[in-house]
Amino acid sequence: MKNVIYQRPAGTAGEFELEWNDGGQLVSLAHPQDAAHMNWVKGKALWGTVKSGLDLSAEVKAEFTERGTLLETYVFKNETDFDIYTLGTDLGIYVTFPDFYTDAQICMNRCCNTHIWCGGSSSYICALRMGGGNRNLGLVLTQGSLQGYSVERDLEQRSNDRGDFILHPENLHLRPGESYVISWELFWFQGKKEFEEIAGSCPGFVTIHADHFLVLGEEPICFRASFGRGWLTDSPGCVKQAEAFSPEKPHIFRNGREIPFVWENGEALVEDRPGTPGEYRYEIVSGGKRSRAVFLACSDLRTLAEKRCRFIAEKQQCHDEKSHLDGAYLIYDTEEKQQYYSHRYDHDGGRERVGMGALLALYLRHCPDPELEKSLDFYMEYVTRELFDTDTGEVFNDVCRNQDWKRLYNYPWISLLCLEKRTPVSWSGRTAA
């Protein structure tokens with residue numbers, strides 16, 4: 001970046017207790033009535049830091065709205081003599097929610113679980129306090145478009161650190177002198193339902209309602225797209241929903257091709273039958289804004305299970321009499337087209353890999369198959385030799401009955417494998433025969 005200027009808001013807001021550094025960057029955001037005084041913008045980096053190696057300039061402005069929200073605006077400008085293009089993660093903004101794990105007292109009172117959706121013009125963050133409660137922090141995009149996010153983590157903390165989140169605007173082309181604006185509003189909410197109501201009321205915000213985002217077999221892809229008509233809030237001076245915004249009929253595209261839909265009471269009703277398995281991206285274009293929904297269509301459950309089990313038996317089972325891994329189901333790299341193993345952490349011969357054996361056991365109770373039976377028997381020999389002491393019930397972390405890491409999560413996997421191997425149950429699934 002060539003230059004970034006931060007401008008803090010004038011005045012005060014009753015719902016936000018804020019602190020800024022000398023450079024104008026936000027270093028603390030709390031609710032004034034929060035006894036734990038949780039800082040919702042605590043991370044390794046500073047909230048609002050712009051990350052880019054491009055010759056862009058940026059102005060960052062914060063202000064309070066009449067609705068009691070905190071509005072942040074990022075204006076990126078090309079002040080060079082040459083066009084500037086961005087791709088992927090070339091441009092990013094840090095949003096450093098305190099999403100990490102330490103002792104229980106800190107987690108319950110000063111940490112959150114961060115739910116992020118970068119859906120183009122309709123993007124949001126729903127940050128929920130780990131300990132529950134009625135003061136959670138939401139973010140909804142009001143101008144611009146976000147294509148995704150990335151994470152910078154402290155890998156020494158492994159999964160205990162969820163990292164600093166970085167939001168990435170859509171790919172840009174800025175000619176000399178041109179600018180691009182990203183704006184969002186931060187607000188407090190009590191629970192998920194209230195968050196959905198507030199975010200969904202933002203003018204032009206597209207909310208996708210669907211029973212399933214994964215469809216099986218001949219199931220159609222069905223969803224309803226509703227459009228925000230005006231902020232829902234009790235703050236004085238707020239324009240009420242019915243008066244604020246009347247959505248125009250949108251255009252909806254599936255994988256780039258426009259599709260028909262029913263337009264009813266300001267909502268778009270889609271029932272689509274793509275016909276073949278795959279990922280289907282629906283783009284909703286309305287009022288100059290673009291939002292999206294993504295669905296996955298798969299084969300019926302029985303066919304899907306069969307394909308997965310055959311892949312495990314044919315590609316992921318180790319056949320090496322000289323190795324302790326003989327019979328194991330291992331990680332398979334689909335790009336390198338080979339199996340992979342490492343004794344370190346989650347790449348070993350146990351842990352969640354045992355779930356592959358449990359799947360085969362479940363499938364074979366309903367669909368007998370001699371080759372898959374042979375593979376599973378071979379795997380059970382490996383499990384009882386390397387991972388499970390049938391006399392004491394002890395479950396080991398890796399081959400050689402290794403317990404360098406005593407991991408309690410391993411026990412349920414072995415229990416599930418044994419239950420699926422021995423106890424008959426009825427087949428379930430929405431489209432199973």
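Predicted model: local features only at pLDDT ≥ 70, side-chain atom pairs only at ≥ 80, totals over all residues.
Residues are numbered from 1 along each chain as its sequence is written, and side-chain values use heavy atoms, with hydrogens and water left out.

Let us begin with the empty spaces. Rolling a probe the size of a water molecule over the atoms shows where empty space is left. A cavity here is a set of points, on a 1 Å grid over the protein atoms alone, where a 1.4 Å probe fits but cannot get out, and its lining residues have an atom within 4 Å of a point. A volume is the space filled by probe spheres set on the points, which are joined across faces, edges and corners.

Two cavities of 30 Å³ or more are found in the structure.

Now turn to the largest cavity, with about 70 Å³ of space. Its lining has 13 residues, and Tyr-6, Trp-20, Gly-24, Val-60 and Glu-72 lie nearest the centre. Strand 1 (3–7), strand 5 (57–64) and strand 6 (70–77) each give at least two residues to this lining, strands being DSSP runs of E with at least two residues and helices runs of H or I with at least four, numbered from the N terminus. Strand 5 supplies the largest share, three residues.

Next, look at the packed side chains. A nonpolar core is a set of buried Ala, Val, Leu, Ile, Met, Phe, Trp, Tyr and Cys residues joined through side-chain atoms within 4.5 Å, where buried means under 20% relative accessible area (1.4 Å probe, protein chains only). In the largest core, of 42 residues, Leu-29, Trp-47 and Trp-184 touch the most other members. Strand 15 (residues 179–189) gives this core its largest share, five residues. Apart from it lies another core, of 28 residues, including Cys-309 and Ile-414.

Finally, find Arg-407 in the loop between helix 6 (370–387) and helix 7 (410–422). Arg-407 is buried, at 13% relative accessible area. Leaving aside neighbours within four places in sequence, Arg-407 is in contact (heavy atoms within 4.5 Å) with Asp-346, Arg-351, Glu-352 and Asn-397.

Conventions: 1 Å grid on protein atoms, 1.4 Å probe; cavity = no way out; pocket = protein on both sides within 12 Å on 5 of 7 lines; lining within 4 Å. Buried < 20%, exposed > 50% of the residue type's maximum accessible area, 1.4 Å probe, protein only.
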